[in-house]
Structure formats: C-alpha cells, structure tokens
Amino acid sequence: MRVSLAWRGAIGRPSVLFACIVLVGLCLSACLAPFYAQGVGVDPFASNLAGSVMRDGRVVDVMQPNDNPLHLGLTPIGPSWRWGAYSLGADSQGRDVAARLLYGGRSSLLIAGASACLCLVLATGCGMVAGVFGGWIDTVLSRLLDILWAVPVYLFAISLSVVTVGHDLRFGPFHIGADSFLLPIGIIALIYVPYAARPIRARTRSLMTSGFVLAAQGLGASPVRIVLKEILPSLIDTLLVLAPLIMALCLLAESALSFLSLGVQAPAASWGSLIHDGEGLIYSRPVVAIAPGLAIVLTVLALNMLGEALQNGVRPMRTR
Amino acid sequence: MDDALLSIDALRLALPSGARLLDGVSLRLERGRILGVVGESGSGKSLTGLSVLGLQPRGRLEGKLAFEGQDLLGFGPGDWRRFRGRRAAIIFQDPMTAFLPVRRIGAQIAEQIRLHSLCSRREAETRVIALLSRMGVPAPREAARRFPHELSGGLRQRAMIAMALSCDPDLVIADEPTTALDVTVQAQILMLLREIGARRAGVMLITHDMGVVAQICTDIAVLYAGVVVESGPAEAVLRTPWHPYTRALLRAIPPMDGARPDRLPTIEGTPPAPEARPPGCVFAPRCPERRAACAFRPALRRHEDRSVACVLYP
Amino acid sequence: MRGVLSRLGQTLFVLFGISVLVFAVFFATPGSDPSARIAGRGASEETIARIRHEYGFDRGLVARYLSMMDHLFLSRDLTSYVNHGQNVVAEVFHAAPVTLSLVSWAALFWVGGALVTGMLAACFAGRWPDRLLSGLGILGLSVPVFWLGEMVNLLSQSRFHDTMLFRWVPALGYIPPGISLTGWAKCLILPALTLSIAFIGIYGRILRSDLLAAMQEDALRTARAKGAGPVRLWVFHALRLSGLSVVSLFGLDFAQLLGGGALLTEVVFALPGVGHLTYQGLSTLDLPLIMATVMYSAFFVVIANVLVDGLYRLLDPRIGSRSGTAARGGRSHG
C-alpha cells in the first residue's frame, strides 16, 4: 500500500498534531453527549421553563426573574463553570446549554463530514469524466459547473433549502422526512461540487498526458481500467488535501444554514442553530451564543490547519 | 595598487550545507577588454557573473572581489543599489523572462536611467529612444512603446543591451547573451558586444561556446566545477591550451575545415556535484594525465601573461 | 475578434443556464405545489388558483419558464404575494444601494488589509511575523461571519459601548449618505470590517504566496540588477506581477457579495440590503422575492466576470495575444 505523499509530508508538524487532537477530542465529545446528558440529568431537547437546579447548595429556578426595575420577563440561569447540570447555564427555553452544545456538535460534525464526503465523490466523478474524456464532454461539464459557480454559494444553498427543507419530499420510492439530515447534507455537498471538481479535473487532465497513462493506453488498456488503476490512485493526494478544506467549508455552510433555520430542523440542534437560539439572549446571557461559535471556530481552524499542512506536504516549496 | 577594473581572487560561494558552488574563482578584467568565461553548464560561470553584482541566489561569498580597488564583499544594501546598473550592468540569457512582461520596454529602460540619475520622465524617454536606435533597433520610438512579448528575440536582446548600457557602466556582464537567439541574430549581438568593449568598458562574456570566444574575446578564463583552471589571452590559450580540460574542451569542437571526423572526441565521465567535489584537482577523476600529485589541489600559477592550475605546469 | 465572440457566446450560455437552474430549483423541484408556496402559508384557495393561472402553472414547463422570465426581466412586474402584491424587482433595486455601500467599504478594508498582511508576510517569509500573520489569516477564515458579527455587536453595542473605543458606534441599522455622510460611514465601518475579516485572511495568503513566487522570477532579478531598492522591488515589480490573479478573484467575490452573498452580515447588523431582503423572503417563504434576488445576484457575477476579463487583458498585455483564458483559478470561499 502506497503511503500518501501528502500525509507523509504533513506528519510531525505541530499544527497537524494540534489539529488532530482537536478533531479527535471533538468527535469523542460528540459521541459522549448522551452520557453527559444522562450523567447530570438533563434533557437537552425538552424545554424546562419551570425547572430548578442545585446551585451552591441551594435550589434555584432555571428561569430567573429579570433584574430590570419592573421584573418583566425571565432570564435563564447563567453558567456555573462547574461540572454538573447547567454548567454553561440555560437557554431561552430553560434547556442545558452544555448538553445542547455536545448534541449540536454531533449534528454539525455529522452533516459536515457526510456532505464533504458526498461532495468529493460527486466532484471526483465530474472532474474525472471531464478530465478523462475531454472534448465536448469536458466543455459541457465545465460550463455546467461554471453556472453553479456563478450563483453565490450561500444564496444557492439558501434557495435549495427554502424549496426543500421543512417539506416532506418524495422522489419515487424514496421518502425524505422534513427533519432528515439528508437534505442539508445533499444541499451542502452540491454547492461545493464546482469548487472541488475544478482541481480534480485539472489534475486528471495533466495525468492523462503523463507518461504512465500514455504507456497504459499504448498497451491497449480500456478507459475504465486507466481510470481505476492509473488515475484514481494518483488523485488520492489531491483528494486528501481537499477533504479537510471542503469539510471546513461545509461546516461553515451548515452553521450558516442552521443559523437561518434552514439547516437542521427543531428539535434537533446544530452549532449554527444554537447561535440562532442565543441571538435573543446575546446581551443578557452571551455564553449561549459564544460557546457554539467558539466550537465552530475551533473545528474549522483545526480542519484548515490540517488542510494547509497536507497541501504543504504535497508541494514542499520555498513559498511555504 | 591593483589597476584592474575587476579583480576576483579565490572567490568561494558556500551554501549553509557546506557545499561550495564556487570553489576558487580567480579572474582579472581590464577596461576595454572582453573576457570570455567558459565552462560546461553547472561549472559556476553564471554564478560568477551574478556574484559580481551580489545577485547570487543563496550562499555566502568569501575571498576577494574588487572593482577598481573597491572591495565589493564589504558592500551594504545601499552601496549595492548604487553599484548595480550604474557601475556594472548585466545582460541576461533569456530576454523574454528577464523583462517584466506587463510593462512596456521603454518604461523598463527608463526606470533604470531614473534610478541612477536625476532626470525628468521626458529626458529619460529621449535617452531610451537614442539608446535603442544606437543598438540598431529599427523604429525605436515604436519599439519603446511595445511590450516584451511583442518584440522578436533579437530586438528584445538589443533592448536588454540598451538597458544595460543606459547608465554607461564600466563593466558589462553578458550571461550567455546569444544562446536563446537565431544564428544570424547571434552574430549581430556579438558585434554590439565588441563595440562595447571598444568603449573603454570591460565586458565579461559568459558562454559555453568556444566559437564565440574565438570571435570576439581578448581574454579567456576556463571554469570547471567552480574552479578557474586556466586563464590568459584568448589567442594564446586557444592556440596552445595547457590545462588537460581546456585541451579536451577544444578537441570537442568540430574542425572548420579538412575532413570531418567520424566521432568527436568526448570527455569521459561527468563533472562532480558541488557536494562531491574531489579534495585534489577537480578535474583529476576525468583527466587522462592524472598522477599522484593531483591528490592536492594545484594553485592557479602565473606563467608570464597566462595562468593555469595544473601539476603539469609547476 | 473570434475570441470576443466566443466569450460573449459563453457568457450568454451561462446566463441562460443560470436562469434555467434558478427556475428549476424553485418551480420544478419534485414535491409540493409551487403556487401554494408562492401564495404563502394559509392563503385562500382562490388566491392559489389565481396565482396558478397568472404564473401559468397550469401550462407546460417551457411556457412557465418564458412567462417567469417575462415577469422578471421584460415587464418587471413580478409581485410578492406575501407583502400585498409589492413589486419585487423594484424592491431589489431599492435595497441595492445599501448592499453596494456595505460591500464597497468591506472591499476597501479587505484590499488594504490583504495588501498589508500579504506584503509583510512575504517580506518576513519564514520568520515570526510571517507565522503570526499566517496563523491570524487561518483564524480569520475559520470564523463564521454571522457569529463574528454578533460578537462585534455584543462588544460595541452593549459591553463596551460606553468606553472610548466604541462610543462612536451608532445603533444598528442603515443611514443613507444623503442624510448624513458621517453617519453613513459610522454605521458601516464595523459591519464592513466583520465582512472583510475572512477575505483579508484569504487574500493575504494568496498575495503572500504569489509575491514569493514572483520574487523568484527572472524579471525580478533584472530589477535587482538595475539597482532597484526593496520598496520599488516589492511594490512596482513583484506586486505588479502577482496582483493579476488576485484581481480576477476580487471581481468574482465582489460581485457575489453585491448579489446577496453578504446576507448574513446584513442580517446580523440589520442593514436593509439585498441579502436582508432575501432573508425576509425566507421567513415568509416569499418565493418570487428570493428568486428575484438569486437571479439578479447570479447575473451580477456573470457581468463582473466579463468586466474582470477586460481588466485582466488591460493589466496583462500577454492575454490579448493569446486566446482561451477562460477560467483562471477558483474562488476559495463562500
């Protein structure tokens, strides 16, 4: 088995170490979300406006009366910064912010990872077909991708979501529920296909004129065999570099869609929808919006650093 | 004490890794003479030329590098700036890449003039046009307004020479100025270089073409693996080469007249890489006259007006 | 001339493709009835039937497409059914100046910021200022813009509003330059900065690597041999050479933002621009409005593409003599 050039060049850099630790930690914490929720005894999805919680040995209401002169409205309890229920305080529905953060990470990472994979599969398909066949197929595919690319990515994602998300969709025998993650995954994957397909197409085209592919053609290898045996293995480096960068973009897109209530649908939560929930409390309980935002920044930062390290591994240049 | 225009003595260019790209280059160039620096590719001849302007891409220079008695190795950035283009100028091998592709030829030449003398845009422009027409560029006013890619190779090289001469430098370094050109254009460019040599400036012509040296050079220095192995007046060296490398190099040129040989004699082996240079004479591994004494590096010794670094000439 | 014609043909093809795509997304997605969605939630049966007839949904797809294009571009009377029949096209044009102001300010910041960071990083390549700037650049493009906007609001509107630093910040919203020029600038500075952070990161990094690549060019060695100083070398030679790829990228990003890409920023800072209009359409499921904004933004991008191509030819005289320089580079960010 051939060790990827990109990976070999990236191993051992401090930034890669940091990125890997962050990503593994985030995945672990997402997996352990139910244990936390059960361990401290909160339900992250049910509103708990009348609930109470132990704080400093006293039982306190989750929703506290406002400290404005008229005591109008309720403010959720703030963070205790200690292990236990409501360690990061409550949101406007009296739900535990920390538990929702962990569950939100699950959705965000799942959607971002799945859509990045789907996007790369689609892009590899498009890029390779365009690159291998060339000619009018290449022209048509490139123009189609140009069209997709001309629409601002977020606007494109938003319009697709408006039309589909929140409705039950039937494609023949397939039925996609309104709250399924499949729709955001598909939409986010689709909008970044042109972005990923372009380098893959370029790489395929240059591979097609390289010596070993010409040699294989000379030996009478079929196009399918050339694609499977020669092109695809040589594309691994390109894909490996693209994967974390695409996933970072997908995570940002997912959070933006969920922020606009167009991504995951309630009761499910993702980091983006958590920020949306925290928007109304931004001045009184900013931690509700700050915490998921920091989680996004950390994840995307780790992915970008990983992607950059892999890229530098592929072409070790002075310009690094 | 040293009245030479350029005098280089035991110049070394060492990389941080310890490899020496130049390992003992010694040259002298007087005003009004044309020194041909010859050698195979990778022998360090271009690096020598760049080093004179402090333009070596990496590494540190050691030894002696003096211009009219001024020590160039002690130059600071400001000294170099005033030196380059004004006192010494260089003509690069490929005028296509050497010009900035996105600016007009005239503007690029004018830039050098205005860098080194206080003159208005208009004055610089007139000087550019005068220079171009002196270099034999037809319709110089129009040529100045063209972009590099719009000119032919020969005209581009003429413009390059015009730029090099724009500030009347004392030393012109020509780094394989004719390699990228057609044969007919080559001859015209060489004529131009000869004219420069006649104008009291010194010309250092870097080439791998012995024919070019024989045509226009007054002096010659032969480089092999970063070391000058032989130097002297061109006529003498070409007629009776002393160093075995020079001899082998001259034998490898097809004769102009008489019967053509079936095979040209070649030099066995390849030049050593900078990091694998032999401790003794650099040419010893390929030398047909190798002997025990070659295990020590022979110094470049003077014999009247010629110098050679070989144990055969103690 | 042939190059220009083929370029024009490609542009027209892309424009046509976009209109088909947007139409298909909104009115040919398998699922529910488009006329019910245009009418909005809880519209009466008569309204739905009227819309179905007016938009020609009872006709074939081609006829529907043609009538939609007519509503959008020729008669320009596409109306929103949520907001009491308001003319959508007029609304888009009304919101455009706000977006233009915001994006222009942001472009100012991001070009300036990218020039400074890219130049500094390239000059100090490999040393600590370079590492610091590259780290900050990655951080910048890792921050979701809407969250950053909320954080800026938190600091400037609430927590530190009374300190010297943020006392000048006006309340959220837009002040037209016709009313108060300083108010216009004040209300846009923070949103524009927020919007530009990610772009500074991207452009700074691209500029840095382009500059370093340019410094390796023979032409730069020539400049040094001329006796050019470091400022002249970096600014007039390296930057002039490497600015080219950034210019084409800039055109596309600018156009996409102008066409509604700045939606999140406009929403967070309550600026009534094209993006905000789209957002309003979202909350009421006002499909004609959303379709109009998406369509107009895509057209902006295509037109900007053509303009950038022209500018590119101007900046790089080599392009004109060669043909077929369609797709240079790719956009690196949403």
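How many residues of chain B are in contact with residues of chain C? The count is 24 residues of chain B against 23 residues of chain C, where contact means heavy atoms within 4.5 Å. The legends below describe this and other views.

This is a predicted model, in which local features need pLDDT of at least 70, side-chain atom pairs count only at pLDDT 80 or more, and totals for chains, interfaces and linings use all residues. Residues are numbered from 1 along each chain as its sequence is written, chains are lettered from A and ligands numbered from 1 in the order in which they are written, and side-chain values use heavy atoms, with hydrogens and water left out.

**View 1. The interface of chain B and chain C.**
The two chains bury about 2100 Å² between them, with 63% of that area on carbon and sulfur atoms. Buried area is the accessible area (1.4 Å probe) that two parts lose on being put together, summed over both. Two salt bridges are counted between chain B and chain C; a salt bridge is a side-chain nitrogen of Lys or Arg within 4 Å of a carboxyl oxygen of Asp or Glu. Glu111(B) forms a salt bridge with Lys226(C), with 2.7 Å between the closest N and O atoms. Ten residue pairs, both at pLDDT 80 or more, are in polar contact across the interface of chain B and chain C. A polar contact is a pair of N or O atoms within 3.5 Å; within protein, one must be able to donate a hydrogen and the other to accept it, and residues adjacent in sequence count only if both atoms are side-chain atoms.

**View 2. The side of chain B that touches chain C.**
At least two residues of this side come from each of α3 (95-98), α4 (105-116) and α7 (153-165) of chain B. Helices (H or I, at least four residues) and strands (E, at least two) are DSSP runs, numbered from the N terminus. With five residues, α4(B) gives the most to the side of chain B that touches chain C. By class, the residues of this side are 14 nonpolar, six polar and four charged. Here Ala, Val, Leu, Ile, Met, Phe, Trp, Tyr, Cys and Pro count as nonpolar, Asp, Glu, Lys and Arg as charged, and the others, Gly among them, as polar.

**View 3. The two domains of chain B.**
The domain assignment, which is automatic or from a database, divides chain B into domain 1 (6-87 + 169-308) and domain 2 (88-168). Their C-alpha centres lie 27 Å apart. In the contact between them, domain 1 of chain B supplies 28 residues and domain 2 of chain B supplies 19 residues. The area buried between the two domains is about 2100 Å², and carbon and sulfur atoms give 63% of it. Zero salt bridges are found across this interface, while the count of residue pairs in polar contact (both at pLDDT 80 or more) is twelve. On the domain 1 side, α2 (77-83), β7 (171-175) and α8 (183-197) of chain B each supply at least two residues. The most, six residues, come from α8(B).

**View 4. The interface of chain C and chain A.**
This contact takes 62 residues from chain C and 50 residues from chain A. About 4700 Å² is buried between the two chains, 74% of it on carbon and sulfur atoms. Phe146(C), Trp147(C) and Glu150(C) supply 13% of the area that chain C buries against chain A, more than any other three residues. One salt bridge is found across the interface of chain C and chain A. Arg205(C) and Glu308(A) form a salt bridge, their closest N and O atoms being 2.6 Å apart. Three residue pairs, both at pLDDT 80 or more, are in polar contact between chain C and chain A. Elements that give two or more residues to the chain C side include α1 (2-27), α7 (145-159) and α13 (287-315) of chain C. Nine residues come from α7(C), which gives the most to this side.

**View 5. The surroundings of Trp184(C).**
Trp184(C) is found in helix α8 of chain C. Not counting residues up to four places away in sequence, Trp184(C) touches Ser101(C), Trp105(C), Tyr174(C), Ile175(C), Pro176(C) and Pro177(C). The side chains of Trp184(C) and Ser101(C) make a polar contact (3.3 Å).
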